[in-house]
Amino acid sequence: MSRLLTAAAVMLMLASSTVSQQSNAAANENTLYSRALFAGLEKMQKAWGKFELTGKEGSRIDANYHQMIVERNRGITDGLPAQSGDYRVEYLWPQELIDSYKRVRKEFPILVGHPMVNDGARLKITLNLCWFSYNKRSMNYALSDWAIVYFRYDCEKHQFVLDEVTLGGIL
């Protein structure tokens, strides 16, 4: 009888945890970081999605903006959704990035989010696309391009609205 009660308690805890995580993910879809991430990916896809960036002799895994790896960061990415529309992201800790590189043995693109900052009357969030590699016990981030996402406060709506997404890159 006690085993049955224990099993039932564990099932209830797991069920409530799953519901809580789902409601947190839904709530976090509207955070500025989430909105910036998916707006940046969409703009990058429109501008650069048609280009192949595999490098010399296929030394890189091509960028797929619809399925992107994002470097996980407690203050920025925790609780963000893994999907918005056609865009899916996977959040990986640095050790998981290293493990992925060891499996594929090719540079692969990742997005690195940075803390938002004030830019005049707007808030700015920068997302860098870097080519990740690992060798000689060193993680390497080769900056390729970026999206800068701006939000402004709309006094009538009493909320931050997406103002502009600008792209840049290293030639």
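Me: Is Arg105 buried or exposed?
Reply: Buried means under 20% relative accessible area, exposed means over 50%, and partly exposed is in between, with a 1.4 Å probe and protein chains only. Arg105 has 59% relative accessibility and so counts as exposed. This is a predicted model, in which local features need pLDDT of at least 70 and side-chain atom pairs count only at pLDDT 80 or more, while totals for chains, interfaces and linings use all residues. Residues are numbered from 1 along each chain as its sequence is written, and side-chain values use heavy atoms, with hydrogens and water left out.

Me: Where does Arg105 lie, and what is its phi?
Reply: Helices (H or I, at least four residues) and strands (E, at least two) are DSSP runs, numbered from the N terminus. Arg105 lies in the loop between H3 and E4. Its phi is near 55°, a positive value in a residue other than glycine.

Me: Which residues of helix H3 are buried, and where do they sit around the axis?
Reply: H3 spans residues 94-104, and its buried residues are Leu97, Ile98, Ser100 and Tyr101. They cover an arc of only 160° around the axis, so they are on the same side of H3. The arc is that of the directions from the helix axis to the C-beta atoms.

Me: What do the buried residues of H3 pack against?
Reply: Contact means heavy atoms within 4.5 Å. The buried residues of H3 pack against E1, strand E3 (87-92), E4, E6 and E7.

Me: Which strands pair with E6?
Reply: Two strands pair if DSSP finds at least two bridges between them. Strand E4 (residues 108-113) pairs with E6 in the antiparallel sense over six bridges, and Leu111 stands opposite Leu129 in E6. Strand E5 (residues 117-119) also pairs with E6 in the antiparallel sense, over three bridges; here Val117 stands opposite Lys124. With strand E7 (residues 138-154), E6 forms an antiparallel pairing over 14 bridges, in which Leu127 has Ala147 as its bridge partner.

Me: What do the hairpins that involve E6 look like in the turn?
Reply: The hairpin of E5 and E6 has two residues between the strands, and Gly120 takes a positive phi near 65°. The hairpin of E6 and E7 also has two residues between the strands, and Lys136 in the turn has a positive phi of about 50°.

Me: How does E7 pair with strand E8, and what is the phi of His158?
Reply: E7 and E8 (residues 159-169) pair in the antiparallel sense over 10 bridges, with Trp146 opposite Gly168. Their hairpin has four residues between the strands. His158 is in the loop between E7 and E8 and has a positive phi of about 60° although it is not a glycine. At 60% relative accessibility, His158 counts as exposed.

Me: How many disulfides are found?
Reply: A disulfide is a covalent bond between the sulfur atoms of two cysteines. The criterion is a pair of cysteine sulfur atoms within 2.5 Å, and a search of the whole structure finds zero disulfides. Cys155, at 56% relative accessibility, counts as exposed.

Me: Where is Thr77, and what does its side chain reach?
Reply: A polar contact is a pair of N or O atoms within 3.5 Å; within protein, one must be able to donate a hydrogen and the other to accept it, and residues adjacent in sequence count only if both atoms are side-chain atoms. Thr77 is in the loop between strand E1 (67-71) and strand E2 (83-84). Its side chain reaches the backbone nitrogen of Asn73 at 2.8 Å. Thr77 counts as buried, at 6% relative accessibility. Leaving aside neighbours within four places in sequence, Thr77 is in contact with Val70, Glu71, Arg72 and Tyr91.

Me: What is the average pLDDT of the chain?
Reply: pLDDT is the predictor's confidence in each residue, from 0 to 100. The chain averages 84, and 80% of the residues score at least 70. Over residues 1-25 the pLDDT is below 50, and this stretch has three contacts in the model beyond near neighbours in sequence. Where pLDDT is low, the predicted coordinates should not be read in detail.
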